[in-house]
Amino acid sequence: MDYKKAGVDIEAGYQSVELMKKHVKETMRKEVLTNIGGFSGAFSMEAFKNMEKPTLVSGTDGVGTKLKLAFLMDKHDTIGVDCVAMCVNDIACAGGEPLFFLDYIACGKNFPEKIATIVSGVADGCKQSNAALIGGETAEMPGFYPEDEYDLAGFAVGVVDEKDLITGKTIAEGDVLIGIASSGVHSNGFSLVRSIFDMTKESLNTYYDQLGSTLGEALIAPTKIYVKALRAVKEAGVTIKGCSHITGGGFYENIPRMLPEGVHAVVEKNSYEIPAIFKLLMEKGQVKEEDMYNTFNMGIGMMLAISPEDKEKTIAALKASGEEVFVVGKVQNGDKGVTLC
C-alpha cells in the first residue's frame with residue numbers, strides 16, 4: 001500500500017503546478033517577492049509607505065453551489081473568476097485596491113488539466129482586478145469528494161489609506177444611489193436556482209429567446225469584477241460615501257450594510273430594466289417578488305451612495321470604464337433599512 005493506491009496522486013499534483021504556472025505568471029506584480037511552489041507568498045509593502053496610514057483590507061469567499069453547474073456543464077474556465085470576484089469586490093467596497101490573492105481547491109481526484117483550467121479562471125480574475133496570484137493549495141481528498149467534483153475558495157488582501165476607507169458614516173438624506181449592472185446571477189442564490197430548474201444537461205442546453213442564450217450559458221456567466229470601475233470613480237475626484245456589493249441576501253440584506261443609523265435607502269424598482277434571467281427565474285419558480293430581491297442581485301451588482309452634486313461625474317466615470325449605470329434611488333432620514341417602491 002502507498003499514497004497513490006490510497007487515492008492521492010502526488011505526481012498529478014506536481015503536474016498541476018507545472019500546468020498552472022503560465023497562468024499564475026501572467027498575474028505577477030513587481031511587489032511579489034516569491035515564486036510559485038514555495039511554502040508562502042511574500043509581497044513588498046514598499047510602494048505604499050508614502051500613504052498617511054496604509055491600511056490592509058481583506059476578503060475571503062467561495063463560489064457556493066454554482067460549482068454544481070460547472071460540474072454538469074463540464075465547464076471550469078470561468079468559475080475561478082467568480083471566486084476572485086467575490087473576494088476583491090468586497091475589498092473594493094471598502095475603498096481598497098486588491099494586491100494579492102490565494103486560492104484553495106479541494107478535489108476528489110486531481111486531474112491536472114482540470115485543475116489548471118480552474119486556475120486559469122482564477123488568473124483571469126486576478127488580471128481583471130490587478131491582483132497577483134501569489135499562492136494556493138490543491139488538496140486531493142479521495143473519499144471526501146466524488147472523483148469529478150471539487151470545492152473552490154479564495155482569500156484576497158488589499159490596501160487603502162485610512163482616510164480613503166469607504167465606511168458609510170457620512171451618508172445623509174438627499175444622497176443619490178447609483179447602481180452598476182451585474183453580469184447575471186453572479187455567485188449567489190444558486191440553491192434556489194437549482195430548485196427551480198432541473199439541473200440536467202438537457203435543461204441547461206435549452207435555448208431561451210428571452211435570454212439570447214442557453215439556460216446554462218446565462219447562469220454560468222462569471223461574476224463581474226468592479227475594481228476598475230470603482231477606481232475610475234475615485235480618480236474622477238468623487239468621494240464614494242457608501243458602497244454595497246449585492247451578494248447573498250440581495251437588496252434587503254446588503255444595502256443596509258452600508259448605511260449608518262438614522263438614514264433609510266429608497267430604491268425605485270422601475271429605474272432600470274430587470275435582466276431576463278431574473279424574470280425567467282421568477283416566472284418558472286413562481287417566486288414572490290420580495291423573495292427575488294431578498295435572494296438575487298436583480299441586475300445590480302454594486303450600489304454606491306454619493307452626494308447629489310457628484311451624480312453626473314460618477315455616471316460619466318462609470319460609463320467611461322465600460323459599465324452600465326442607473327440612478328436607482330435616494331437616501332432619506334428614517335430607520336436604517338431599505339424600501340423598494
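A: Let's start with H186, which lies in the loop between β5 (176-181) and α5 (190-196). Helices here are DSSP runs of H or I with at least four residues, strands are E runs of at least two, and both are numbered from the N terminus. A word on the ground rules: this is a predicted model, in which local features need pLDDT of at least 70 and side-chain atom pairs count only at pLDDT 80 or more, while totals for chains, interfaces and linings use all residues. Residues are numbered from 1 along each chain as its sequence is written, and side-chain values use heavy atoms, with hydrogens and water left out.

With a relative accessibility of 1%, H186 counts as buried (under 20% relative accessible area; exposed is over 50% and partly exposed in between, with a 1.4 Å probe and protein chains only). Its contacts (heavy atoms within 4.5 Å), leaving aside neighbours within four places in sequence, are K66, D82, T223, K224, Y226, N297 and G301.

Helix α2 (residues 66-73) has K66 among its buried residues, together with L67, L69, A70 and F71. The buried residues of α2 pack against α3, β4, α5, α6 (201-204) and α7 (215-220). Just after α2 comes D74, with a positive phi of about 50°.

Of those packing partners, take β4 next. In β4, 9 of the 12 residues are buried, so the strand is largely enclosed by the rest of the structure. Strand β1 (residues 54-62) runs antiparallel to β4 and is joined to it by 9 bridges (strands pair if DSSP finds at least two bridges between them). In that pairing, L56 stands opposite V159 in β4. Strand β2 (residues 97-107) also pairs with β4 in the antiparallel sense, over 10 bridges, and I105 stands opposite L152 in β4.

Now for the nonpolar cores, meaning sets of buried Ala, Val, Leu, Ile, Met, Phe, Trp, Tyr and Cys residues joined through side-chain atoms within 4.5 Å. The largest one has 95 residues, and those with the most contacts inside it are L219, F251, L281 and L304. Helix α3 (residues 79-93), another packing partner of α2, gives the most to this core, with 10 residues. A second, separate core of 9 residues includes V32, L99, A132 and V159. V159 is the β4 residue that L56 stands opposite.

Looking at L281 in detail, its contacts beyond four places in sequence are V185, V193, I196, F197, Q286, V287, M292 and F296.

Two more residues round out the tour. T247 sits in the loop between β8 (242-245) and α9 (250-254). At 11% relative accessibility, T247 counts as buried. Not counting residues up to four places away in sequence, T247 touches M86, N188, N254 and T295.

Finally, S120 belongs to helix α4 (residues 112-129). Neighbours within four places in sequence aside, S120 is in contact with H23 and D77. For a sense of scale, S120 and K269 are 149 residues apart in sequence and 37 Å apart in space, C-alpha to C-alpha.
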